[in-house]
Each structure stands twice: as structure tokens, then as C-alpha cells.
Amino acid sequence: MNNQEIHRKIVNYIENVMKEKSLTSRDLADICVKKTGKMSPRTIDNMFKTPSSTTLSTLLKVCEGLDLNLNAVFGIINLSILCF
């Protein structure tokens, strides 16, 4: 699996968590600002449009905003690859 595929899987996972929590990009950006500092809805939207250009810093902030551990997300993605 290449870097683009990994980015896409992480972003897809984040998108699913947002849907489960009924969060919009603006909602998530607001949460991230409160927990981690600066984050704009545009950054969140760009993450979905071009996952491969998303920085590790953005992924970490988004995961923190969603109360996710990025290492755990990697583990879930790795497990899904091994099982299918």
C-alpha cells in the first residue's frame, strides 16, 4: 500500500467517525480549535478533496478533535488490510 492509499484510508475512517457523530466540517473545525488551536473548515474540506496532501499535523489535530488516537487508526487500517 502506498502513501496515497494510506492517507485515503485514514481520511475515510475520519469521515465515517464524523458521520457517526453527525459532525460537519465546521463542527469539527470548531472542536479542533478548542482542543488544538487553529483549524479552519476549509482545511477539513481540503483533507477530503485531496487526502494525499493532508499533513501529519492536520491528521493529528483532527484525530485529537475526534478523540481518536492516530496510532489506533493506523492499527485499524492495518487490521482491515490483513483481514480482506
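The structure is a predicted model, in which local features need pLDDT of at least 70 and side-chain atom pairs count only at pLDDT 80 or more, while totals for chains, interfaces and linings use all residues. Residues are numbered from 1 along each chain as its sequence is written, and side-chain values use heavy atoms, with hydrogens and water left out.

Helices (H or I, at least four residues) are DSSP runs numbered from the N terminus. Within H3 (residues 41-49), the residues Ile44, Met47 and Phe48 are buried (under 20% relative accessible area, 1.4 Å probe, protein chains only). These residues lie on the same side of H3 because they cover an arc of only 95° around the axis, taken from the directions from the helix axis to the C-beta atoms. Arg42 and Lys49, both exposed, are carried on the face of H3 turned away from its buried side; exposed denotes over 50%.

Ser25 lies in helix H2 and counts as buried because its relative accessibility is 15%. Beyond its neighbours within four places in sequence, Ser25 is in contact (heavy atoms within 4.5 Å) with Met18, Pro41, Ile44, Asp45 and Phe48. Thr54, in the loop between H3 and H4, is likewise buried, at 9% relative accessibility. Residues up to four places away in sequence not counted, Thr54 touches His7, Met47 and Leu59.

The mean pLDDT (the predictor's confidence in each residue, from 0 to 100) of the protein chain is 88, and 93% of the residues score at least 70. Among the elements, H2 has the highest mean pLDDT (94) and helix H5 (residues 70-83) the lowest (76).

Note on methods:
Helix = DSSP H or I, 4+ residues; strand = E, 2+ residues; numbered from the N terminus.
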